[in-house]
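I opened this notebook to record what I looked up in one structure. The entries follow the order of my reading.

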Amino acid sequence: MKTTQISPLAAVQQIYTWFGEGNIPAILDMLTENVLWKHAGDHNVIPFAGTFHGKAGALDFFQKLGGSYQITEFEPHNFSANGLIVTNDVHVSGTVISTEKTARLTSHFTWMFNEEGKVFSWEMTGDTHELDMAFH
């Protein structure tokens with residue numbers, strides 16, 4: 001039985017609203033206990049890059065993101081839904097807190113939902129070179 005009446009596409013759009021509001025607990029509630037959370041890039045350079053496991057890992061991702069990169073622009077677009085999979089592109093601009101260097105990138109996000117309407121996998125792919133350079 002589904003725990004949510006909204007489509008995966010609507011759920012992703014709601015997650016983006018919560019992200020903009022800083023409501024990380026609401027986002028975490030949309031994840032399975034064993035969610036796989038992956039962000040492209042070198043985790044030795046970008047604190048929030050790498051693979052994070054479970055809700056605790058996703059929370060760690062958000063804490064590392066918020067503690068190291070001040071997002072000034074976050075524009076999700078180009079949404080596509082295919083059953084329980086939602087993909088979209090995101091333009092992100094921000095400033096690395098430690099270096100005060102800016103970085104703008106376009107990323108591709110893939111969200112995978114289970115039958116209960118929970119995210120069990122999220123992956124960010126794309127060129128992170130500009131972000132890598134901003135952390136140096």
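The entries below go from the whole chain to single residues.

**Entry 1: Ground rules**

I noted that this is a predicted model, in which local features need pLDDT of at least 70 and side-chain atom pairs count only at pLDDT 80 or more, while totals for chains, interfaces and linings use all residues. Residues are numbered from 1 along each chain as its sequence is written, and side-chain values use heavy atoms, with hydrogens and water left out.

**Entry 2: The whole chain**

I looked up the secondary structure and found four helices and six strands in the protein chain. Helices (H or I, at least four residues) and strands (E, at least two) are DSSP runs, numbered from the N terminus. Along the sequence I read the pattern α-α-β-β-α-β-β-β-β-α.

I then asked what radius of gyration the protein chain has. The C-alpha trace spans about 50 × 30 × 25 Å along its principal axes.

I recorded that buried residues make up 42% of the 136 residues. Buried means under 20% relative accessible area, exposed over 50%, and partly exposed in between (1.4 Å probe, protein chains only). The chain exposes about 7000 Å², and carbon and sulfur atoms supply 53% of this area. Such areas come from the Shrake-Rupley method with a 1.4 Å probe.

Of the contacts between residues at least 6 apart in sequence, 50% join residues at least 24 apart. Contact means heavy atoms within 4.5 Å.

**Entry 3: Helix α1**

I checked the length of helix α1 (residues 8-21): its 14 residues reach 20 Å from first C-alpha to last, close to the 20 Å expected at 1.5 Å a residue. The expected span is 1.5 Å times one less than the number of residues.

Which residues of α1 are buried? I listed P8, A11, V12, I15, Y16 and W18. They cover an arc of only 160 degrees around the axis, which puts them on the same side of α1. The arc is that of the directions from the helix axis to the C-beta atoms. On the other side of α1, G20 and E21 are exposed.

I also looked for what covers the buried residues of α1, and the cover includes α2 (24-29), β3 (69-82), β4 (85-96), β5 (102-113) and β6. Just after α1, G22 takes a positive phi of about 75 degrees.

**Entry 4: Helix α3**

I repeated the check on helix α3 (residues 54-68), where the 15 residues should span 21 Å and the end C-alpha atoms are 21 Å apart, in agreement. The buried residues here are G54, G57, A58, F61, F62, L65 and S68. They fall within an arc of 155 degrees seen down the axis, so they line one face of α3. The face turned away from them carries the exposed residues A56, Q63, G66 and G67.

**Entry 5: Aromatic pairs**

I noted 18 aromatic pairs in the structure. Rings of Phe, Tyr and Trp (its six-membered ring) pair if their centres lie within 6.5 Å; planes under 30 degrees apart count as stacked, over 60 as edge-to-face and the rest as tilted. F61 and F62 form an edge-to-face pair, 5.1 Å centre to centre with 75 degrees between the planes.

The rings of F61 and W122 have their centres 5.6 Å apart and their planes at 55 degrees, so this pair is tilted. F61 lies in helix α3 and W122 in strand β6 (residues 119-125), so the pair ties together parts that are 61 residues apart in sequence. Both F61 and W122 are buried.

**Entry 6: V119**

Not counting residues up to four places away in sequence, V119 touches I15, M30, L31, T32, V35, W111, M112 and F113. I15 is also one of the buried residues of α1.

**Entry 7: Positive phi values**

I found that phi of N78, in strand β3, is near 60 degrees, a positive value in a residue other than glycine. N78 counts as exposed at 53% relative accessibility. E100, in the loop between β4 and β5, has a positive phi near 60 degrees and is likewise not a glycine. E100 counts as exposed at 66% relative accessibility.

Methods:
Rg over C-alpha atoms; globule rule 2.2 N^0.38 Å.
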